[in-house]
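The sequence and structure are shown first.

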Amino acid sequence: LDEAKASEARWVSGQPKGLLDGVPVSIKDIILTRGWPTLRGSKTVDPKGPWNEDAPATARLREHGAVLIGKTTTPEFGWKGVTDSPLTGITRNPWNPDKTPGGSSGGAAAAVACGMGPLAVGTDGGGSIRIPSSFTGVFGIKPSFGRVPAWPLSPFGTVAHVGPMSRSVTDAALMLSVMS
């Protein structure tokens, strides 16, 4: 709420911070986010941290005034095509709770699809943005590796890419330009 109020003040004064100032964005729980635990869907990661660094995508979003609203679920260490984990349980498809939103960015897709926020950061190695996007009716893109800096590098190496998920191609394009 403090970030949203600060954004409002910048807009009222005619000085927005950047292209996404005030826009709610969720971050997949694989991506480092300063001040928030990045647990990777696992009970084996210590939530106490320290959590002192942002991944480059998170840093770029903050620089442009995005309001970070939370971390989204992922299967443990983002390794499978459904989103369930020992840490958070089963993530359900918002259109039909009997179905999966896919994985491994299923939490991000569900957040965008149900209107929790218009933008989400996902990661994709073998379909982890593309599958959940198609299962929930949102848009997602796996950019070319390196377009969005990936740090720390995924255990899957250069197969895993960081990318946007949104309700429209236009929003994803704007988000991609900010993150890259």
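The sections below treat the sheet, the cores and the proline in turn.

## Sheet and packed helices

The model is predicted. Its open sheet has 5 strands in the order β2-β1-β5-β7-β6, with mixed pairing. Because β2 (67-72) and β6 (139-140) each have a single partner strand, they stand at the edges, and one side of each is left without a neighbour in the sheet.

Strands β1 and β2 run parallel and are joined by 5 bridges. Within this pair, Val25 stands opposite Leu68 in β2. Helix α2 packs on the sheet and touches β1, β2, β5 and β7 (161-166), with its direction at about 170 degrees to that of β1. Helix α5 also packs on the sheet, where it touches β1, β5, β6 and β7; its direction makes about 145 degrees with that of β7.

## Nonpolar cores

The largest nonpolar core has 21 residues, and those with the most contacts inside it are Val25, Ile27, Leu61, Val121, Met175 and Met179. At least two residues of this core come from each of β1 (24-28), α2 (56-63), β5 (119-124) and α5 (169-179). The largest share, 4 residues, is supplied by α5. Apart from this core lies another, of 8 residues, including Ala108, Ala109, Ala113 and Met165.

Beyond four places in sequence, Met175 touches Leu20, Val25, Leu61, Leu119, Ala120, Val121, Pro164 and Met165.

## Pro132

Pro132 lies in helix α4 (residues 130-136). Its relative accessible area is 0%, so Pro132 is buried.

Among the contacts of Pro132 beyond four places in sequence are Pro101, Gly127, Ala109 and Met165. The C-alpha atoms of Pro132 and Gly122 are separated by 9.8 Å, and the two residues are 10 residues apart along the chain.

How values were computed. Residues are numbered from 1 along each chain as its sequence is written. This is a predicted model: local features need pLDDT of at least 70, side-chain atom pairs count only at pLDDT 80 or more; totals for chains, interfaces and linings use all residues. Side-chain values use heavy atoms; hydrogens and water are left out. A nonpolar core is a set of buried Ala, Val, Leu, Ile, Met, Phe, Trp, Tyr and Cys residues joined through side-chain atoms within 4.5 Å. Buried means under 20% relative accessible area, exposed over 50%, partly exposed in between (1.4 Å probe, protein chains only). Contact means heavy atoms within 4.5 Å. Two strands pair if DSSP finds at least two bridges between them. Axes are lines fitted to C-alpha atoms, for helices over the stretch in contact, and angles run from 0 to 180 degrees between N-to-C directions.
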